[in-house]
Amino acid sequence: MASASEEVLVGAGSHPALVEPATVDEAARVLVNAAGEGRTVSIERPGGDVVLSTARLDRVLELEAGDLTASVETGIRLSALNRLLAGQRQMLALDPPGDPTVGACLAGNLSGPRRHRYGAPRDLLLGVTVVLADGTVASSGGKVVKNVAGYDLGKLFCGSEGRFGLIARASLRLHPLPAAERTLVVPLGSADDAFRAAQLLHHSTLVPSAIDLLWRKGGGSRLAVLFEGSERAVDAQLGAARELIGGTENGGDEWDEARSRQAAAQGRISFPPGGLVQTLHTLDEALVRPGLGIAFTSEPVGDSGDAGARLLGERVRAALDPGGVLV
Amino acid sequence: MSLPEGLAASAAAVLGDDGVILEPEQLKTYECDGLTGYRVLPALVALPRSTADVQAIVRLCHEHRVPFVARGAGTGLSGGAVPVADGVVISLARMNRVVDVDLESGRVTVEPGVTNLDVSRAVAAAGFYYAPDPSSQQVCTIGGNVAENSGGAHCLKHGFTVTHVTALEVVLPDGELVYLGGKGLDPPGPDLMGLFIGSEGTLGIATRITLRVLRRPEAVRTLLAAFDETSDAGAAVSGVIAAGILAGAMEIMDRLTLEAAEAAVHPGYPDAGAILLVELDGNAVQVEDDAARVEEICRESGAVELRVATTDAERVLFWKGRKAAFAAMGRVSHDYYVQDGVVPRTRLPEVLDRIGQLEAEYGLRVGNVFHAGDGNLHPLVLYDRRNPGEPERAKELAEAILEICMDVGGALTGEHGIGTDKACRMPLMFSETDLETMMRVRRAFDPEGLCNPGKIFPTPRLCGEVPGPYRVHPLELAGLGERF
């Protein structure tokens with residue numbers, strides 16, 4: 001096995017060089033060497049003089065079934081981790097489109113339909129080890145499910161898109177695999193229909209795991225609602241939901257469609273869930289999570305965030321990577 | 001009490017004469033928080049009424065390089081709101097308006113001085129509530145909850161403050177205003193809001209907070225199981241988790257705590273070595289299924305008595321003793337020290353044994369009351385300050401418990417925060433590099449170090465030159481594991 005620094009040299013002739021460190025220390029050396037040579041690094045995507053792949057940083061470090069926690073190297077793919085966890089009737093409750101690595105989920109803050117019940121990556125992250133551009137290896141958080149000691153750098157790195165450093169190791173909160181799941185699909189005629197159905201669910205005591213609106217302005221829009229739990233409870237919830245908002249049970253094809261629409265989306269917007277109708281009027285086609293106030297749009301959207309927050313984020317980036325190595 | 005020339009007058013000009021406190025007698029009210037052992041008199045207390053007021057006083061402090069500490073209700077238990085000598089305290093008590101209730105979005109926007117319980121009150125009529133429920137929820141403020149990332153008994157299922165905040169308006173340490181998050185979730189970019197929540201007032205002052213409120217569940221069922229031994233109750237908790245049941249709360253009280261609770265508030269608990277409270281909430285059928293399974297697991301784990309609360313009144317009685325547990329210790333001991341540590345929940349029985357050994361070793365009693373579902377211990381170390389040497393021994397015992405938490409891969413604090421109290425203990429959990437990396441982030445927010453300095457991070461002035469023995473961080477230790 002070639003060391004990371006050798007690989008940087010091996011790759012130096014080609015541009016960009018692809019480097020696959022197998023340990024956290026090797027990853028640190030890759031970054032230090034690149035910085036020393038004045039080369040930029042991008043993590044798991046093109047853009048840098050050096051492309052750092054986490055393909056070999058993919059070990060499962062600790063599985064604690066009784067604690068419902070796992071510690072992993074972040075190059076592991078969701079499918080691989082969840083196959084392993086299924087053996088103990090548990091899961092990492094992230095279902096974004098495709099089969100990203102855990103690190104990509106964290107750095108991109110990626111989630112799927114079940115974000116509704118289980119939260120975003122930041123909500124499932126207990127602790128991290130990060131590698132900064134100067135080779136600093138630092139940990140924050142821990143591996144227990146409750147912990148307020150020190151700054152939560154894990155959350156800070158969620159959504160940082162690889163610009164703050166490499167998220168190398170992560171401790172994660174797991175969930176039990178549900179015994180049963182069923183899907184209700186409701187055809188919708190208009191934005192007002194969609195709003196009415198979403199509000200009825202929101203004000204009800206039903207506990208769906210996912211609510212996705214497959215929106216098409218011209219017609220053919222549908223609302224898909226997922227229930228998970230014990231057989232009896234899922235039956236009861238599906239029945240109650242059908243009485244509340246109508247619709248028919250479906251095998252669950254809608255979720256594949258929802259995920260592929262999300263994957264094909266050109267933009268993402270956040271909106272107040274109460275403002276669903278106004279939001280839908282601006283969109284021809286979108287995959288919308290009405291309970292969360294998130295829409296994946298077929299058209300690109302501009303950055304609507306607060307300028308002060310962007311500036312602050314840039315200050316944090318500059319503090320962690322003053323040389324601008326990570327791109 | 002030496003404030004820079006003109007600062008007090010400038011503050012009074014902005015906030016009005018009744019918005020500034022300078023008299024030593026009145027300043028004393030602000031010299032400590034809920035952990036009364038740490039006391040420092042500030043030079044000035046500012047009482048802003050608006051975001052603009054907060055910006056003005058922070059700008060003054062920044063201009064004069066005077067440290068400032070934001071303060072909510074002062075119920076914190078880690079000395080996180082202890083003033084800096086000759087510094088300014090910014091009390092958010094007057095900023096106590098509920099700004100906006102948007103039920104269609106499931107959002108409530110408040111000023112930082114609004115109490116935790118008032119958020120639930122604002123939406124109760126519509127059938128909603130605010131989930132985080134620290135024991136001090138009647139008086140503690142949302143601003144303080146944001147600073148500490150407060151939890152409570154029910155955060156096992158529903159998460160902490162950070163899970164329920166969707167937007168923040170923050171006055172940065174130089175007086176600039178930023179808006180983080182929004183009413184919709186997952187805005188693009190790094191999760192600065194997630195970093196800010198739980199940063200113990202060291203990165204700025206939240207002046208407006210948008211919270212997610214939840215629909216009250218269809219059903220709630222609370223089970224009380226009595227055991228001969230605390231470790232049996234611990235085994236039942238492990239059984240419930242292993243069965244894949246997501247309980248709303250799982251709490252254990254041991255014999256000593258039960259005695260105290262009985263003497264103080266008469267909850268009518270069974271005479272037992274320990275009791276376990278399990279609360280299930282959600283869909284009625286799911287709750288019924290889960291409750292049947294929980295009862296089975298408790299019996300299998302050796303429960304000698306099982307009670308089920310089906311009415312709100314019964315439920316309140318079950319919780320009465322638990323919620324009063326800390327205060328009730330006054331019935332069985334002259335003084336007590338509350339520790340707050342976390343262990344992996346599978347290690348609970350072993351950790352309880354080791355705490356028992358410490359009791360014998362130190363000749364002091366420890367009451368164990370804890371959020372068992374998430375491994376968050378609150379050992380109550382009993383002592384009598386009238387006996388020479390006992391306070392010191394109690395503190396040592398409490399520290400020894402923290403070291404056990406570290407040994408088994410746990411955390412220094414689950415919900416009370418590091419504050420002043422545990423800053424010197426941080427090297428037990430984090431390396432110098434870990435802490436320096438956090439400090440880099442802090443300096444990006446607060447280059448001059450004016451915003452609640454002296455908290456979280458160990459300093460030579462506070463801790464002496466020699467940090468405690470560093471144990472390998474749980475994640476690094478996990479990093480030594482084998483490939484599966």
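## Strand 4 of chain B

Strand 3 (residues 68–71) of chain B runs parallel to strand 4 of chain B and is joined to it by four bridges; strands are DSSP E runs of at least two residues, numbered from the N terminus, and two of them pair if DSSP finds at least two bridges between them. This is a predicted model, in which local features need pLDDT of at least 70 and side-chain atom pairs count only at pLDDT 80 or more, while totals for chains, interfaces and linings use all residues. Residues are numbered from 1 along each chain as its sequence is written, and chains are lettered from A and ligands numbered from 1 in the order in which they are written.

Strand 2 (residues 44–46) of chain B is also parallel to strand 4 of chain B, with three bridges. B:Val88 in strand 4 stands opposite B:Leu44 and is the bridge partner of B:Phe68. Strand 4 covers residues 88–91; B:Val88 and B:Ile90 point one way, B:Val89 and B:Ser91 the other, and all are buried, that is, 20 or more other C-beta atoms, placed from the backbone, lie within 10 Å of the residue's own. In a regular strand the side chains alternate between the two faces of the sheet.

## Nonpolar cores

Contact here requires C-beta atoms, placed from the backbone, within 7 Å.

B:Ile57 is also among the residues that touch the most other members of the largest nonpolar core, with A:Leu31, B:Ile275 and B:Leu276; this core has 208 residues. A nonpolar core is a set of buried Ala, Val, Leu, Ile, Met, Phe, Trp, Tyr and Cys residues joined through C-beta atoms within 7 Å.

## Contact between the chains

Chain A brings 75 residues to the contact and chain B 80 residues. On the side of chain A that touches chain B, helix 12 (residues 307–320) of chain A gives the most, eight residues; helices are DSSP runs of H or I with at least four residues.

## Chain B as a whole

Chain B contains 18 helices and 19 strands, and 57% of its 484 residues count as buried. An automatic or database assignment divides chain B into domain 1 (7–91), domain 2 (98–215), domain 3 (217–327) and domain 4 (333–484). The C-alpha trace of chain B spans about 70 × 55 × 55 Å along its principal axes.

Conventions. A residue is buried if 20 or more other C-beta atoms lie within 10 Å of its own, exposed if 12 or fewer, and partly exposed in between; C-beta atoms are placed from the backbone. Two residues are in contact if their C-beta atoms, placed from the backbone, lie within 7 Å.
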